[in-house]
Amino acid sequence: MKKQFNRMRQLANQTVGRAEKTEVLSDDLLQIERRMELVRLVSHNTHKRLVSCLQGQLGTDTEKRHKKLPLTTLSQAMQEGGSQLGDESLIGKMMDVCGEAESRLATELMQHEVQIERDILDPLNQLAEIDIPNILKQRKQLAKLVLDYDSAKTRWYQATKSYNPTMAAKVDSLKDEMDEALNKVEICKDQLSADMYNFASKEGDYARYYVMLLEAQADYHRRSLAALEAAIPNIQVQQDSWMEKPAFGTALEEHLKRSNREIALPIEACVMMLLETGMKEEGLFRIAAGASKLKKLKAALDCSTSQLEEFYSDPHAVAGALKSYLRELPEPLMTFGLYDEWLQASNISDSDKRLQALWVTCDRLPKTHKANLRYLVKFLAKLAQDSDVNKMSPSNIAIVLGPNLLWAKTEG
């Protein structure tokens with residue numbers, strides 16, 4: 001209690017300038033002390049922000065950490081959804097494959113976060129919350145010892161000024177107290193100086209934590225990218241092997257290859273329905289069908305359903321679907337490449353030469369385009385045979401179907 005009182009009195013006197021204050025740390029140590037305070041602060045803030053970036057639970061074992069990751073729950077939901085939909089659903093297959101990929105990403109993330117915690121977070125926490133505070137605690141202890149020394153020195157000095165033989169013992173006692181206090185100061189100062197110099201010498205090691213952070217993140221992203229690149233071809237195979245893909249808007253060759261057909265499904269299905277119920281229909285291909293019925297038929301053909309009975313009674317919707325299919329092809333049935341040749345052949349004035357030129361151009365069509373054009377023209381020829389009833393002469397057919405068979409590539 002007495003020592004504490006002496007410290008307080010000495011500190012008060014130093015504050016108002018009535019007593020000298022002993023400086024025991026050199027300028028370089030004082031500079032290290034200031035930098036150390038800043039290092040502790042920024043390390044603490046970095047640790048806090050880095051922890052908030054982690055998705056796993058800090059300090060838990062790897063298995064528990066893995067289970068709690070959002071990616072893990074996502075992968076489980078996907079795989080459960082894929083299982084519920086089954087292999088007969090493309091979405092089910094995709095969810096299963098994607099769920100496996102997300103699970104691998106979760107594993108990579110878990111391993112990355114464990115590494116970050118071990119190699120960066122723990123050392124940063126050790127530095128900010130243990131190592132530097134311990135040194136600063138020594139600094140406070142030194143300040144107390146210096147106060148004790150200054151107090152003892154002040155009391156000894158005052159005793160020597162009023163020296164008389166009766167106070168000789170007290171002066172000697174105060175001298176011993178001052179020497180003992182100085183000795184404690186020197187011991188604490190030496191230990192503190194060693195620790196502070198040691199801290200300064202290791203600043204390169206502490207800075208290395210930030211290099212390790214970026215290296216760990218780069219490695220994690222490389223491993224995650226490798227997992228994705230391994231999964232994408234697999235999921236793409238599933239996508240490409242799925243037969244039930246829309247025919248409308250798909251290139252003719254792709255549709256035929258995927259469906260293993262020679263004649264495009266919309267062309268063949270529409271022709272078969274029209275042959276049965278539409279050949280006597282007046283204005284076929286010219287009269288517009290109801291929008292909702294046409295949309296439903298196109299959707300039914302896109303999913304390759306065989307349940308088309310309801311459309312037999314609406315040949316205009318069937319004809320409209322056939323026109324839409326032809327028009328929505330990325331490349332017209334008569335092809336972009338032969339566009340100029342078709343125009344040149346059709347402009348020949350001599351009918352025999354014109355017909356010969358058209359045959360030559362037709363023979364230059366790709367095999368798939370030629371087969372489907374032949375199939376369609378055979379049907380249209382049969383339709384024209386009943387033109388006295390359906391009013392669809394060859395010239396009328398050409399007017400309504402021609403723009404759906406050939407157009408310029410630069411057309412807007």
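**Exercise 1. Handedness and direction of H5 and H6**

Determine which hand the crossing of H5 and H6 has in this predicted model, and how the two helices are oriented.

*Solution.* Step 1: the crossing of H5 and H6 is left-handed. Step 2: the axes of H5 and helix H6 (residues 168–201) come within 8 Å and cross at roughly 155°. Step 3: angles over 145 degrees count as roughly antiparallel. H5 and H6 are therefore roughly antiparallel to each other. Step 4: sorted by class, the contact of H5 with H6 comprises 20 nonpolar, 4 polar and 9 charged residues.

**Exercise 2. The packing of H4 against H5**

Describe the geometry of the pair H4 and H5, and state which residues meet.

*Solution.* Step 1: two packed helices are described by the angle between their axes and the distance between the axes. Step 2: for helix H4 (residues 70–85) and helix H5 (residues 90–161), the axes come within 7 Å and cross at roughly 160°. That makes H4 roughly antiparallel to H5. Step 3: the crossing of H4 and H5 is left-handed. Step 4: residues of H4 that meet H5 include Leu71, Leu74, Met78 and Leu85. On the H5 side, the residues include Ile91, Met95, Leu105 and Leu109. Glycines also take part, among them Gly81 and Gly82 in H4 and Gly92 and Gly99 in H5. Step 5: by class, this contact of H4 with H5 has 11 nonpolar, 8 polar and 3 charged residues.

**Exercise 3. The packing of H8 against H14**

Classify the arrangement of H8 and H14 from the angle between them, and list the residues in contact.

*Solution.* Step 1: helix H8 (residues 252–259) packs with helix H14 (residues 367–385) at an angle of about 85°, and their axes are 9 Å apart. Step 2: angles of 65 to 115 degrees count as roughly perpendicular. H8 and H14 are therefore roughly perpendicular to each other. Step 3: H8 contributes Leu252, Glu253 and Leu256 to the contact, while H14 contributes Thr368, His369 and Asn372. Step 4: the classes in the contact of H8 with H14 are 2 nonpolar, 3 polar and 1 charged residues.

**Exercise 4. The lining of the largest pocket**

State the volume of the largest pocket, and identify which helix supplies the largest share of the lining.

*Solution.* Step 1: the largest pocket has a volume of about 890 Å³. Step 2: the pocket is lined by 24 residues, of which Met334, Trp342, Leu373, Val377 and Leu405 are the closest to its centre. Step 3: at least two lining residues each come from helix H12 (339–346), helix H13 (351–363), H14 and helix H16 (394–405). Step 4: H16 supplies the largest share, 8 residues. Step 5: by class, the lining has 19 nonpolar, 3 polar and 2 charged residues.

Conventions. Residues are numbered from 1 along each chain as its sequence is written. This is a predicted model: local features need pLDDT of at least 70, side-chain atom pairs count only at pLDDT 80 or more; totals for chains, interfaces and linings use all residues. Side-chain values use heavy atoms; hydrogens and water are left out. Axes are lines fitted to C-alpha atoms, for helices over the stretch in contact, and angles run from 0 to 180 degrees between N-to-C directions. Helices (H or I, at least four residues) and strands (E, at least two) are DSSP runs, numbered from the N terminus. Angles under 35 degrees count as roughly parallel, over 145 as roughly antiparallel, 65 to 115 as roughly perpendicular and the rest as oblique. A crossing is left-handed if the near helix is turned anticlockwise from the far one by less than a right angle, and right-handed if clockwise. Contact means heavy atoms within 4.5 Å. Ala, Val, Leu, Ile, Met, Phe, Trp, Tyr, Cys and Pro count as nonpolar, Asp, Glu, Lys and Arg as charged, and the others, Gly among them, as polar. On a 1 Å grid over the protein atoms alone, a cavity is a set of points where a 1.4 Å probe fits but cannot get out, and a pocket is an open set with protein on both sides within 12 Å along at least five of seven lines; lining residues have an atom within 4 Å of a point. Grid points are joined across faces, edges and corners, and a volume is the space filled by probe spheres set on the points.
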